[in-house]
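Dear colleague,

Please find the structure below, handed over for your own work. A summary of the findings follows it.

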Amino acid sequence: MRPIGVFLDSDVIISSLLSSTGAAYLLIHDKKIDKYISNFSVQEIKIVAKRLKINSAKIEKLVKKLNIVTIKKPFQKNCVADSNNSHIVNGAITTKSKFLLTYNLKHFKSEKIKRDWNVLVYRPAQFLQYLRSLD
Amino acid sequence: MLQAQVYTPDQVAQILQLNKNTVYELIKRGEIIAKKIGKVFRVPAISLSFTTTGLDNDLYVAERQDLKLQPMIKKELSRARKAL
């Protein structure tokens, strides 16, 4: 089976760095998934990681496992409840990902994103459950 | 008195809307975790967590782990996004 492309919100990345028993960690270490983040994500992940005192070597190691896409402003703002999250939607669109995975479902207009861009917005565990249905 | 937290294969078949033989097959293949007591099977409620949470139990537990962290992550991520 070809790896499935997913775009990851930064909360998923940070979660995987903070817990090795959570769904985000399982997702990040699943080799059947092509994981994408953007240049903006990298910046914010580094800021948040520093504030949460996460070892920077750990972040660098993780980021190397991910595909990083460069996105530019302006971003789609009509698909989010909070415009500060708009770069995440742009990342998913740019990478042509079928899934956008986040712990912040409320901040994304999932129906509109699905209708306009054919991207499904899920939590990591929901996506992992979906993968099991394909086995 | 202890509340029943196990089901018979018949009850599982009803809950999952499956044929009883399919339930036995799923137990045999390990897709439904059950315990054989004497000659009968009993299925713990935890094996059917999918019916209430939409997730297999291991994924449900893993998600709960991450959800505990989200208020702290959300706060810091929101600060970082405003600054960028």
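Predicted model: local features only at pLDDT ≥ 70, side-chain atom pairs only at ≥ 80, totals over all residues.

Residues are numbered from 1 along each chain as its sequence is written, chains are lettered from A and ligands numbered from 1 in the order in which they are written, and side-chain values use heavy atoms, with hydrogens and water left out.

Chain B contains four helices and three strands, where helices (H or I, at least four residues) and strands (E, at least two) are DSSP runs numbered from the N terminus. Along the sequence, their pattern is β-α-α-β-β-α-α. The three strands of chain B make an open antiparallel sheet in the order S1-S3-S2; two strands are taken to pair if DSSP finds at least two bridges between them. Strand S1 (6–7) and strand S2 (35–37) of chain B are the edge strands, each pairing on one side only. S2(B) is joined to strand S3 (residues 40–44) of chain B by three bridges, and B:Lys35 has B:Arg42 in S3(B) as its bridge partner.

As to overall dimensions, chain B has a radius of gyration of 19 Å, whereas a compact globule of 84 residues would have one near 12 Å. This radius is taken over C-alpha atoms, and the globule rule is 2.2 Å times the number of residues to the power 0.38. The C-alpha atoms of chain B fill a box of roughly 65 × 30 × 20 Å along the principal axes. Of the 84 residues in chain B, 26% are buried (buried means under 20% relative accessible area, exposed over 50%, partly exposed in between, with a 1.4 Å probe and protein chains only).

Two residues other than glycine have a positive phi. B:Gln17, with phi near 55 degrees, lies in the loop between helix H1 (9–16) and helix H2 (20–29) of chain B. B:Gln17 counts as exposed because its relative accessible area is 72%. A:Lys96 has a phi of about 55 degrees and sits in the loop between helix H5 (86–94) and strand S4 (99–101) of chain A. Most residues other than glycine have a negative phi.

A:His29 occupies the loop between helix H2 (23–28) and strand S2 (33–38) of chain A. Its relative accessibility is 36%, so A:His29 counts as partly exposed.
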